[in-house]
Amino acid sequence: MFTFLKEVLTDVCYIWRDEMRQVVKDEGVLIFFILVPLAYPLLYSWIYNNEVVREVPVVVVDDSHTAMSRKFLRMCDASPDISIAHFAADMDEAKQLVSRHKAYAIYYIPSDFQERLLRMEQSVISVYCDMGLMLTYKAAYQTTVLVSQEMNSEIQIRISGHYTAQEERIQARPLDYDSVPLFSPGGGYGSFILPGVLILILQQTLVLGIGLSAGTARESNRFKDLVPVQKHYHGMFRIVGGKSLCYFMVYAVMGTWLTVVVPRMFHFPCLAHPTDLLAIMFPYLLACIFFGITVSCLVRYRENVMLLMVFVSVPLLFLSGVSWPQSGIPGVWQGISWLFPSTFGVRAYVRMNSMGATLSDTLVEYHALWIQAFIYFLVACLVYRYQIIQARRHANERLLYMKHRRAAMQEAQG
């Protein structure tokens, strides 16, 4: 028994050493294993570091030119979200400014704006937003809504006839509310989407690196990268174990960088308890590694895995339920999303790190990741077994061909 365990450990260490050597020697694999996980999170986080858009330029068409219209515009311009950048003579000039991206919204105040208000009639301010960018639309539209509500309150207080401040407050807001944004106190885009992107980067770079390494092995016909020559078919467990150990050692560091260091550098929500986070990341890394090994067995050339994984990156982000509600995803697509470790990894990490969930709150994702790790481990072993059989068959055929050719050459010379 001791001899058997020693032999297994020796084989695993041999494959780990050989795979680590190939990773260090391959520049493409190093880029995806080291450079991309280090650089991409910093780039994305710096881009979205402001969290929300401020001072969105808008253009105004003021046909009223009254004290009330000027007050409305002053209040809008004083808000942090928009900036009145232009005044246009008519709607045609305003549309041209928007089409040239000099402004992202048009505020149109009709000529009878103040007149209708003084007659106790309802007046309307039209807001035309560029819907090409969600964040600018939100800033321009919500600013007008908030300013109009504030002016409505002032008008109600003025005509109410009450004499105390309490009565005026009740008249202006009979039913008040407190807005408490959950899990993203600043309402920022970075805190909302970046945690899920960080987990997706772990999976995508890991699969890309493993696929590049496997594609290189096939292009150079290095079957020794699959199995030591002297081993039998039961060595497939040692192959997967040795390779997985290599990838896990690299991504234990990269995973810590992505899930612990980067969120704290850019002040994203970090509510996960260290032990709960470790409990989720361990099966997630294993599932990604075995999934990457399985996918790499389908890669014939280095470029194939890049085309495949880059193509599915955006769909996987939507299917994770972060940028699009999980309840709004059709059942068929939810079933497809269960094939990818990122689906459960993103959900568990976001709930832990952004929402303060514990491991007991994410048991569904936790168990799903362990199931994926087990299934993909078995699939990777079976695929390697098939490749070993194919490699040995081709090697035997090649050896037999060389023997026949050598015999024929000897007969021809004799």
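Visitor: Hi! What share of the contacts with a separation of 6 or more comes from residues 24 or more positions apart in the protein chain?
Guide: Hello! Those residues account for 81% of such contacts, where a contact means heavy atoms within 4.5 Å. This is a predicted model, so local features need pLDDT of at least 70, side-chain atom pairs count only at pLDDT 80 or more, and totals for chains, interfaces and linings use all residues. Residues are numbered from 1 along each chain as its sequence is written, and side-chain values use heavy atoms, with hydrogens and water left out.

Visitor: New topic: where is serine 320?
Guide: Serine 320 sits in the loop between α11 (302-319) and α12 (331-337).

Visitor: Why does serine 320 count as buried?
Guide: Because its relative accessibility is 2%. Buried means under 20% relative accessible area, exposed over 50%, and partly exposed in between (1.4 Å probe, protein chains only).

Visitor: Which residues does serine 320 touch?
Guide: Leaving out residues up to four places away in sequence, serine 320 touches Thr343, Val346 and Arg347. The side chain of serine 320 also reaches the backbone oxygen of leucine 317 at 2.6 Å.

Visitor: Back to the whole chain: how much of it is buried?
Guide: Buried residues make up 43% of the 414 residues.

How values were computed
Helix = DSSP H or I, 4+ residues; strand = E, 2+ residues; numbered from the N terminus. Polar contact = N/O pair within 3.5 Å; in protein donor to acceptor, adjacent residues only side chain to side chain.
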